[in-house]
Amino acid sequence: MATSNFRVAGKCRCSNNPVHFEYSKEPYEVHYCLCTDCTDTCGGAMAIIAVVEKNAFKILQGNEKIQNFDTKPTCHRKFCKVCGCHMFLYVDAFPDFVLIHVPTLDRAQDVGKRPDRWVFVNSKHPLVVLPEDGLPRHPGWAPTASA
């Protein structure tokens, strides 16, 4: 995966002039997140997050459409102010990384890694049943096992 041709592209949901972004290096990690901050913001039962080095991430188009919303004083989520799509976020505790919501990436691409753990399982919605996938489950935050 660490070739010079590695590129993963994503975008917001706008049909006219969408925000386009990409990353050009394999993610540091990918994980399933069940924290209420992620799930409430994306409106889903979980979030799939690719953690990418900031220096490998760039916005290609539509920067003027990106709106910030701080869901916590240390968590800076980036949405398209036209379609409302939550694309990525910055977390103060990880200053060298951008956390990308995997569903905003083009579906036909390999995002670079597979999720390696479930985090914030103590926050999951009671109707959510986690699959028997063999991945580690953590009650709160936990770094990748490969770090």
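This is a predicted model: local features need pLDDT of at least 70, side-chain atom pairs count only at pLDDT 80 or more; totals for chains, interfaces and linings use all residues.

1. Let me start with R137 and D133, whose side chains meet in a salt bridge at 3.6 Å, N to O. I use the term for a side-chain nitrogen of Lys or Arg within 4 Å of a carboxyl oxygen of Asp or Glu. R137 is partly exposed, with 34% relative accessibility, and D133 is likewise partly exposed, at 33%. Here buried means under 20% relative accessible area, exposed means over 50%, and partly exposed is in between (1.4 Å probe, protein chains only).

2. Residues are numbered from 1 along each chain as its sequence is written, and side-chain values use heavy atoms, with hydrogens and water left out.

3. The structure holds nine salt bridges in total. One of them pairs K11 with D106, again at 3.6 Å, N to O. K11 lies in strand β1 (residues 8-11) and D106 in the loop between β9 (97-101) and β10 (118-119), so this contact ties together parts that are 95 residues apart in sequence. Strands (E, at least two residues) and helices (H or I, at least four) are DSSP runs, numbered from the N terminus. Both partners are partly exposed: K11 has a relative accessible area of 35%, and D106 one of 30%.

4. E29 lies in strand β3 and R117 in the loop between β9 and β10, so the pair links parts that are 88 residues apart in sequence.

5. Next, the open sheet of three strands. Its order is β1-β2-β5, with antiparallel pairing; strands count as paired if DSSP finds at least two bridges between them. The edge strands are β1 and β5 (57-61), each of which pairs on one side only. From one strand to the next, the twist averages 25 degrees; axes are lines fitted to C-alpha atoms (for helices, over the stretch in contact), and angles run from 0 to 180 degrees between N-to-C directions. β1 and β2 (residues 20-23) run antiparallel and are joined by four bridges. Within that pairing, K11 stands opposite H20 in β2.

6. Strand β4 (residues 47-53) deserves a look. Five of its seven residues are buried, so β4 is largely enclosed by the rest of the structure. β4 pairs with β3 in the antiparallel sense over five bridges, and the bridge partner of H31 in β4 is I49. Five bridges also join β4 to β9, again running antiparallel. There, E53 stands opposite F97 in β9.

7. Y32 sits in strand β3 and is buried, with a relative accessible area of 15%. Y32 and L105 are 73 residues apart in sequence and 15 Å apart in space, C-alpha to C-alpha. T36 is found in helix α1 and is partly exposed, at 44% relative accessible area.

8. How much space lies in the largest pocket? The answer is about 300 Å³. On a 1 Å grid over the protein atoms alone, a pocket is an open set of points where a 1.4 Å probe fits, with protein on both sides within 12 Å along at least five of seven lines; lining residues have an atom within 4 Å of a point. Grid points are joined across faces, edges and corners, and the volume is the space filled by probe spheres set on the points.

9. The largest pocket is lined by 18 residues, of which C35, K72, R77, V91 and F120 lie nearest its centre. The elements giving two or more residues to this lining are β3 (29-33), α1 (36-42), β7 (75-80) and β8 (86-91). The largest share, three residues, comes from α1. By class, the lining has 11 nonpolar, four polar and three charged residues. In this scheme Ala, Val, Leu, Ile, Met, Phe, Trp, Tyr, Cys and Pro count as nonpolar, Asp, Glu, Lys and Arg as charged, and the others, Gly among them, as polar.
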